[in-house]
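Me: I would like to learn how to read a model like this one step by step. Could you walk me through it?

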Amino acid sequence: MLTKKNRTKAIYNPLMILFVLACVFMIGKGLMQQPKIIENEEQIEELRRKIEYEKQRIEEVEEMKTKVDTDEYIEKVAREKLGMIKRDEILFIDITGQ
């Protein structure tokens, strides 16, 4: 017949083994997930950089929107892109090619 001490050992030993096996399994699972975690962190950082870049572009677009409606900008575009001049201006063309 088993004594009380032996019965306690008989119950706790398998439980202890199951506990240790569960801990080893969870640690192993966590270690297997580590490369994916690192990859995800890199993706998050890349997305943060893209978000920051797009925020800067939005600021530039907003700034450009305010400039577009000014007479100075319209005149600049007319001169540079369309080759237009004012009525009282004289246009000199350099024919030397330099």
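Predicted model: local features only at pLDDT ≥ 70, side-chain atom pairs only at ≥ 80, totals over all residues.

Me: Let's start with the fold. How many helices and strands does the protein chain have?

Reply: Helices and strands are read as runs along the chain, numbered from the N terminus. Here the protein chain has two helices and zero strands. Helix 1 covers residues 4-68, and helix 2 covers residues 71-80.

Me: How do I judge the overall shape: is the protein chain spread out or a compact globule?

Reply: The general idea is to set the radius of gyration against what the globule rule gives for that number of residues. For the 98 residues of this protein chain the rule gives 13 Å, while the radius of gyration is 38 Å, well over that value, so the chain is more spread out than a compact globule. The box filled by its C-alpha atoms, taken along the principal axes, is roughly 120 × 35 × 10 Å.

Me: Which distances between residues can I check in the viewer?

Reply: Isoleucine 17 and phenylalanine 92 are 75 residues apart along the chain, and their C-alpha atoms are separated by 95 Å. Threonine 96 and methionine 16 are 80 residues apart along the chain, and 95 Å separates their C-alpha atoms. Isoleucine 17 lies in helix 1, whereas threonine 96 sits in the segment after helix 2.

Me: What share of the residues counts as buried?

Reply: A residue counts as buried under 20% relative accessible area and as exposed over 50%. By that reading, 1% of the 98 residues of the protein chain are buried. Threonine 96 is exposed because its relative accessible area is 55%.

Me: And how do I read the surface as a whole?

Reply: Look at its extent and at the atoms that make it up. The accessible surface of the protein chain comes to about 10000 Å², and 62% of it belongs to carbon and sulfur atoms. A nonpolar surface patch of about 650 Å² is made by Ile11, Tyr12, Leu15, Ile17, Leu18 and Leu21.

Me: What about charge? How many positive and negative side chains are there?

Reply: Count the two sets, then compare where their centres fall. The protein chain has 18 positive and 19 negative side chains, and the two centres lie 21 Å apart.

Me: How many salt bridges does the structure hold?

Reply: To call one, look for a side-chain nitrogen of Lys or Arg within 4 Å of a carboxyl oxygen of Asp or Glu. The structure holds eight salt bridges. One of them joins the side chains of arginine 49 and glutamate 45, at 4.0 Å from N to O. Both residues lie in helix 1, four residues apart, which is about one turn of the helix. Arginine 49 counts as partly exposed at 46% relative accessibility, and glutamate 45 counts as partly exposed at 38%.

Me: Which other salt bridge does arginine 79 make?

Reply: The side chain of arginine 79 also meets that of glutamate 89, at 2.6 Å from N to O. Glutamate 89 lies in the segment after helix 2 and arginine 79 in helix 2, so the pair ties together parts that are ten residues apart in sequence. Through shared partners, salt bridges join Glu75, Arg79, Lys86 and Glu89 into one network. Glutamate 89 itself is partly exposed, with a relative accessible area of 29%.

Notes: Residues numbered from 1 in each chain as written. Heavy atoms only, no water. Buried < 20%, exposed > 50% of the residue type's maximum accessible area, 1.4 Å probe, protein only. Patch = residues over 30% accessible without salt bridge, like charges linked within 9 Å, V, L, I, M, F, W, Y side chains within 5 Å. Areas by Shrake-Rupley, 256 points an atom, 1.4 Å probe, with all protein chains shown as cover. Rg over C-alpha atoms; globule rule 2.2 N^0.38 Å. Lys, Arg positive; Asp, Glu negative; His and termini not counted. Charge placed at Lys NZ, Arg CZ, Asp CG, Glu CD.
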